[in-house]
Amino acid sequence: MLKSLSSLNSLPIPRISTSSRICLSKMSTAKPSPVCPKFISVEGDDIYTRSKPDGVRFSLVSYNILAQVYVKSSVFPHSPSPCRKWKARSEAILTVLKNLGTDFLCLQELDEYDSFYKKNIESYGYSSIYIQRSGQKRDGCGIFYKPDCADLLLEERIEYNDLVDAIQDDSILHDDKHGDTQANGDENSEAKNGSSSKSTLKDSGDPNDPRVRLKRDCVGIMAAFRLKDTFHHVIVANTHIYWDPEWADVKLAQAKYLLSRLAQFKELVSEKYECMPSVILAGDFNSTPGDKVYEYLVSGNSSSASLVDCLDGLPIPLCSVYGSTRGEPPFTNCTPDFTNTLDYIFFVPDDHIKPLSFLELPEANSSSVLGGLPNYYHPSDHLPIGAEFEITRE
């Protein structure tokens, strides 16, 4: 959910692909049901027409489901009133997740986890792990997985507020703190913070103090799994990076800390289980293709120094599933004020894993996204993204 600083940065409201399906439960005049996207082979074929697999396949979807606590008429005046209601939205989200039927679900802005989502999603055959955001925030990140596909071995939680402890006494801010104006922040960010940006900064302390800047209550979670049948090990990580485009230094520091922790976790798993695990990283990175965070994640290049000196250098190489196959989609977040790509699935290229398909996304001027999200077709302001991977036998 992003806030546009300039309308020049927004893309036109998109058009859906003719291959997308709108799931209608009945032939009636009832309100439309959620769109049920399908996986498309990277070779351009339907996944069911492909040849026999060379290894074991599993699928993963990443989805910012839009926490209900942030759904306000003042933030989403374009959304039909029924689409903002908890009962309708939660049921629509469950419908989408159930129809996707993937082996792994990486969900961001996951609120009402204990009271609603955990038991309902697990009723579809999943188990789950979860981390709630720091402070008074009510949402967080969760990984749902199917035990008949993979066994959970190990998990770690990431608190980006821990970056505060890494700040040295002589730390200073760098010139890039306003550097990524093209990477817009969540359009309902003020609702998230419970106040305007200015009052939030005032309440939090001096925004020129790195310790204040880095305390953003953002989190992530990562887990090691052993796939059934192959006994191959896979690490799945899920995160939600800070939103504010004017605080590019904070977003970059979080990205560097994330990869540093992920590299350490991979080493731990490798030693503990005597394996070479594949790595998949998904989430809402609140960063558009080409900005500092994205470029760092895919190349390790950063045009500016980090708030935390010890995090310099790329500890683990990453490749974007969409970027390396069909190209990044034109948008994964869609509102009248902002339409662009913020969500990604990355993987570490190795000899054992390769993406076979990706989840289709709407095209420009789609009737299903006309006027912005959420609506009857899409219960969140974000769209789900996904990939199917093949693991060759070791």
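Q: Buried means under 20% relative accessible area, exposed means over 50%, and partly exposed lies in between (1.4 Å probe, protein chains only); which residues of strand β8 are buried on one side and which on the other?
A: In this predicted model, where local features need pLDDT of at least 70, side-chain atom pairs count only at pLDDT 80 or more, and totals for chains, interfaces and linings use all residues, the buried residues of β8 are G140, G142 and F144 on one side and C141, I143 and Y145 on the other. Six of its six residues are therefore under the limit for buried. Residues are numbered from 1 along each chain as its sequence is written, and side-chain values use heavy atoms, with hydrogens and water left out.

Q: What makes β8 a strand with partners, and which strands pair with β8?
A: Strands (E, at least two residues) and helices (H or I, at least four) are DSSP runs numbered from the N terminus, and two strands pair if DSSP finds at least two bridges between them. β6 and β8 have five bridges in the antiparallel sense, while β7 and β8 have six, also antiparallel, so both pairs meet the requirement. Within β8, Y145 is the bridge partner of F104 and also stands opposite S127.

Q: What makes β4 and β7 the edges of their sheet?
A: The open sheet has seven strands in the order β4-β18-β19-β5-β6-β8-β7, with mixed pairing. β4 (39-41) and β7 (127-132) each have a single partner strand, so one side of each is left without a neighbour in the sheet. Neighbouring strands here are turned by 25 degrees against each other on average, direction ignored; angles run from 0 to 180 degrees between N-to-C directions, and axes are lines fitted to C-alpha atoms, for helices over the stretch in contact.

Q: How do you know that helix α2 packs on this sheet, and which strands does α2 touch?
A: Strand β5 (residues 56-64) is joined to strand β19 (residues 385-391) by seven bridges in the antiparallel sense, with S62 opposite I385. Helix α2 (residues 86-100) touches β5, β6 and β18, where contact means heavy atoms within 4.5 Å. The direction of α2 makes about 165 degrees with that of β5.

Q: What makes a set of residues a nonpolar core, and which members of the largest one touch the most others?
A: A nonpolar core is a set of buried Ala, Val, Leu, Ile, Met, Phe, Trp, Tyr and Cys residues joined through side-chain atoms within 4.5 Å. The largest has 57 residues, and F58, F104, L107, I121, I280, I345 and F389 touch the most other members. A second, separate core of 39 residues includes C218, I235, I241 and V293.

Q: Why are helices α8 and α9 called roughly parallel?
A: The axes of α8 and α9 (residues 292-299) come within 9 Å and cross at roughly 20 degrees. Because angles under 35 degrees count as roughly parallel, over 145 as roughly antiparallel, 65 to 115 as roughly perpendicular and the rest as oblique, α8 is roughly parallel to α9. The helices meet through K251, L252, A255, K256 and L259 in α8 and K292, V293, Y296 and L297 in α9.

Q: What makes the peptide bond from L373 to P374 worth a look?
A: That bond is cis, with omega near 0 degrees, and P374 sits in the loop between β18 and β19. Most residues other than glycine have a negative phi, and most peptide bonds are trans.
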